Amino acid sequence: AVVSTQSTGGQACKDANDRYMLCRKDTGADPRKCLREGQVVTNCTKLFMDRVYKECKMPLARHATCVDLSTRKFHYCRATQVEFDKCMLEKFGIARDFTWYQDKQPNEMQTWGEGF
């Protein structure tokens, strides 16, 4: 189930994740110095997954079961993925981003302002 929600969960908690990663970068990658930011990410993810389970329980269950039974060969599970993605879009307004990170141009990537 975690694999099924990685893309959408990342979108829902993007600000918290970005702040945590910025903290890690600014403190020399020492996660102990960013415990507060890490806790915000954990809380956001927990709340998000609770809502997903409540609103999209069956599409998530069908997709996760397909992924598990197909030994993570995702191409066998496109129909259940589409069903789950549709639920996420309808209930949360979150669409799956199929653009790979490495394919984005630098000006398309979000950056922090000078005053942050």
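**Entry 1. A term, and the model**

I take a polar contact to be a pair of N or O atoms within 3.5 Å, and for residues adjacent in sequence I count the pair only if both atoms are side-chain atoms. I note at the outset that the structure is a predicted model.

I applied the term to R36 and found that its side chain makes a polar contact with the side chain of E37, at 3.4 Å. R36 has its place in helix α3. I looked up its accessibility: the relative accessible area is 64%, so R36 is exposed. I also checked R36 against C23, which is 13 residues away in sequence, and read a C-alpha to C-alpha separation of 10.0 Å.

**Entry 2. Overall layout**

I listed the secondary structure and found five helices and zero strands. Along the sequence the pattern reads α-α-α-α-α. Of the 116 residues in the protein, 29% are buried. I then turned to contacts between residues at least 6 apart in sequence, and 60% of these join residues at least 24 apart.

**Entry 3. Helix α3**

I returned to α3, which covers residues 35–55. Its 21 residues reach 30 Å from the first C-alpha to the last, close to the 30 Å expected at 1.5 Å a residue.

Which residues of α3 are buried? I recorded E37, G38, V41, F48 and V52. Viewed down the axis of α3, these buried residues fall within an arc of 100°, so they line one face of the helix.

**Entry 4. Helix α4**

I next examined α4, residues 57–69. This helix has 13 residues and reaches 18 Å between its first and last C-alpha, close to the 18 Å expected at 1.5 Å a residue. The buried residues I noted in α4 are P59, L60, H63, A64, C66 and V67. Seen down the axis of α4, they fall within an arc of 160°, so they line one face of the helix. Just after α4, I found T71 with a positive phi of about 45°.

**Entry 5. Helix α5**

For α5 I compared the span with expectation: its 15 residues should span 21 Å at 1.5 Å a residue, and the end C-alpha atoms are 20 Å apart, which agrees. I recorded T80, Q81, F84, D85, C87, M88 and F92 as the buried residues of α5. Seen down the axis of α5, they fall within an arc of 160°, so they line one face of the helix. The face turned away from this buried side carries the exposed residues A79, V82, K86 and E90. Just after α5, G93 takes a positive phi of about 70°.

Is T80 buried or exposed? Its relative accessibility is 16%, and the cut-off for buried is under 20%, so T80 counts as buried. The side chain of T80 makes a polar contact with the side chain of H63, at 2.9 Å. Leaving out residues up to four places away in sequence, I found T80 touching R62, H63 and C66.

**Entry 6. Nonpolar cores**

I searched for nonpolar cores and found that the largest has ten residues: C13, F48, V52, C56, L60, F84, C87, M88, F92 and I94. The elements giving two or more residues to this core are α3 and α5. Helix α5 gives the most, with four residues. Apart from this core lies another, of five residues, among them A16, Y20, C34 and V41.

Within the largest core I looked up C56. Leaving out residues up to four places away in sequence, C56 touches R51, F84, C87, M88, K91 and F92.

**Entry 7. The aromatic pair**

How many aromatic pairs does the whole structure hold? My search found one. The rings of F48 and F92 have their centres 6.0 Å apart and their planes at 55°, so the pair is tilted. F48 lies in α3 and F92 in α5, so the pair ties together parts that are 44 residues apart in sequence.

Terms used:
Residues are numbered from 1 along each chain as its sequence is written. This is a predicted model: local features need pLDDT of at least 70, side-chain atom pairs count only at pLDDT 80 or more; totals for chains, interfaces and linings use all residues. Side-chain values use heavy atoms; hydrogens and water are left out. The expected span of a helix is 1.5 Å times one less than its number of residues. Buried means under 20% relative accessible area, exposed over 50%, partly exposed in between (1.4 Å probe, protein chains only). The arc is that of the directions from the helix axis to the C-beta atoms. A nonpolar core is a set of buried Ala, Val, Leu, Ile, Met, Phe, Trp, Tyr and Cys residues joined through side-chain atoms within 4.5 Å. Contact means heavy atoms within 4.5 Å. A polar contact is a pair of N or O atoms within 3.5 Å; within protein, one must be able to donate a hydrogen and the other to accept it, and residues adjacent in sequence count only if both atoms are side-chain atoms. Rings of Phe, Tyr and Trp (its six-membered ring) pair if their centres lie within 6.5 Å; planes under 30 degrees apart count as stacked, over 60 as edge-to-face and the rest as tilted.
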